[in-house]
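This report walks through selected features of one protein model. Please keep the sequence and the structure in view while reading.

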Amino acid sequence: MRLRMTISLVAVAGTMAGCTSTGGVHQSSGPETVAPEKALVLPPPGGPSIVSVVERKRGNGVEQTVSLFTSSSVPGQNFLKVQFFGASGVNPGTGNAGFSMINESGIAREVARSAPGVPMATSATFLQNSYGPFGYASGRSRGGDTCIYAWQQIRSSVNANTQARNFGMIQLRLRLCDANASERQLLGIVYGYTISGNFDGVIWNPYGNPPPADAALGRTGAPIYPDQGGYRASPMAIGYEPAPALISRPRAVLPRNASTPAPGAAPMPAPIGPRVPLPGEAPQARVMPDAAAAPPEQPVEQSARAIGVTVPSPDCIGDAAMTAACRR
């Protein structure tokens, strides 16, 4: 009898519990699409533009894959991937991401998968952007497309970790293939992207302590010049030398008795009407161009004739004009 009563009570309790349940449906934790303005890393101004942002929360951080505009025949999507590694238990129930440092073998596998069919070569040149050192590999497809795959790890130094702070880490990956851009143009995206996300609390700061000010600031004997690099090892020129004055060259003067202009001088215009000779100067004949002149490329033939115009002397005015001396 008691057993029957117990079973009945359990059944009634189960029925009541089922009636009080809302029956709501919720989505399990996993990747989700977020708005482009919520991206934790942004490409530089001018592109490539953001197509979509997929975010996945982890137990020890957050990771995002920012898909970028792609103009290439190489299979695959251009993307910027960022991973924030912090304290365990930040997002409970989502599982922790593997906290692994960048290593050569792992990067080699990533590079091989980044651009199928494109021979990629890792650069041995040390490069550094605003966030620190980074590495990259590049290649060119058979169709002429240029591809790069870059990686970067942002983490404070070991000495900073011993101070019970600066434990966070950020890792980035960039895959870019373009049919029209050069390797240097694609590499400029690595120098131009901006990390907009951050950790809560200074204990997870991945950048470490801020660097000290330049030792040259305020120090005697260490001038700073207004050049692009600021402090320069080679000093700038001292002294002021004005620009040289502009000296105009005098025009070439045509000699009085010369029939042709001097080299480099502009030809003198032909006089209109008869020319009056100066006192004591013999009358000159007016030069008239021949009607049948040759083209400008050939020598011009000219004929001259005296027009017979003479200016009388002051002594031969009036009645003295009839003397024999003035008739000559």
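## Helix α2

Four residues of helix α2 (residues 104-114) are buried: Gly106, Ile107, Val111 and Ser114. Around the axis they span an arc of only 135°, so they sit on the same side of α2. In an α-helix there are 3.6 residues a turn, so residues three or four places apart point the same way.

Which elements do the buried residues of α2 pack against? They pack against β6 (120-122), β8, β9 and β10. The face of α2 turned away from this buried side carries the exposed residues Ala112 and Arg113.

## Confidence in the model

The model is predicted. The average pLDDT of the chain is 76, and 55% of the residues score at least 70. Over residues 299-304 the pLDDT is below 50, and in the model this stretch has eight contacts beyond near neighbours in sequence.

## Arg173 in strand β10

Arg173 lies in strand β10. Is Arg173 buried or exposed? Its relative accessibility is 9%, under the 20% limit, so Arg173 counts as buried.

The side chain of Arg173 has a polar contact of 2.7 Å with the side chain of Glu110. A polar contact of 3.4 Å joins the side chains of Arg173 and Gln171. Leaving aside residues up to four places away in sequence, Arg173 touches Phe79, Leu80, Lys81, Ile102, Ile107, Glu110, Tyr149, Ala150, Trp151 and Gln152. Among these, Ile107 is one of the buried residues of α2.

## The disulfide

How many disulfides does the count give? The count comes to one disulfide. It is formed by Cys147 and Cys177, whose sulfur atoms are 2.0 Å apart. Cys147 lies in strand β9 (residues 146-155) and Cys177 in strand β10 (residues 169-178), so the pair ties together parts that are 30 residues apart in sequence.

A disulfide is a covalent bond between the sulfur atoms of two cysteines. The torsion about the S-S bond of Cys147 and Cys177 is about 120°, so this disulfide is right-handed. Both Cys147 and Cys177 are buried.

## Aromatic pairs

The count of aromatic pairs comes to four. One of them is formed by Phe134 and Tyr191, with 5.3 Å centre to centre and 85° between the planes, an edge-to-face arrangement. This pair links distant parts of the chain: Phe134 is in strand β8 (residues 132-140) and Tyr191 in helix α4 (residues 183-192), 57 residues apart. The relative accessible area of Phe134 is 8%, so Phe134 is buried. For Tyr191 the relative accessible area is 38%, so Tyr191 is partly exposed.

Tyr149 and Trp151 form a tilted aromatic pair, 6.3 Å centre to centre with 40° between the planes. Both Tyr149 and Trp151 are buried. Tyr149 and Trp151 are also among the residues that Arg173 touches.

## A cis peptide bond

Which residues does a cis peptide bond join? The bond joins Gly47 and Pro48, with omega at about 5°. Pro48 is placed in the loop between β2 (41-42) and β3 (50-58).

Definitions and conventions
Residues are numbered from 1 along each chain as its sequence is written. This is a predicted model: local features need pLDDT of at least 70, side-chain atom pairs count only at pLDDT 80 or more; totals for chains, interfaces and linings use all residues. Side-chain values use heavy atoms; hydrogens and water are left out. A disulfide is a pair of cysteine sulfur atoms within 2.5 Å. Helices (H or I, at least four residues) and strands (E, at least two) are DSSP runs, numbered from the N terminus. Buried means under 20% relative accessible area, exposed over 50%, partly exposed in between (1.4 Å probe, protein chains only). Rings of Phe, Tyr and Trp (its six-membered ring) pair if their centres lie within 6.5 Å; planes under 30 degrees apart count as stacked, over 60 as edge-to-face and the rest as tilted. pLDDT is the predictor's confidence in each residue, from 0 to 100. Contact means heavy atoms within 4.5 Å. The arc is that of the directions from the helix axis to the C-beta atoms. A polar contact is a pair of N or O atoms within 3.5 Å; within protein, one must be able to donate a hydrogen and the other to accept it, and residues adjacent in sequence count only if both atoms are side-chain atoms.
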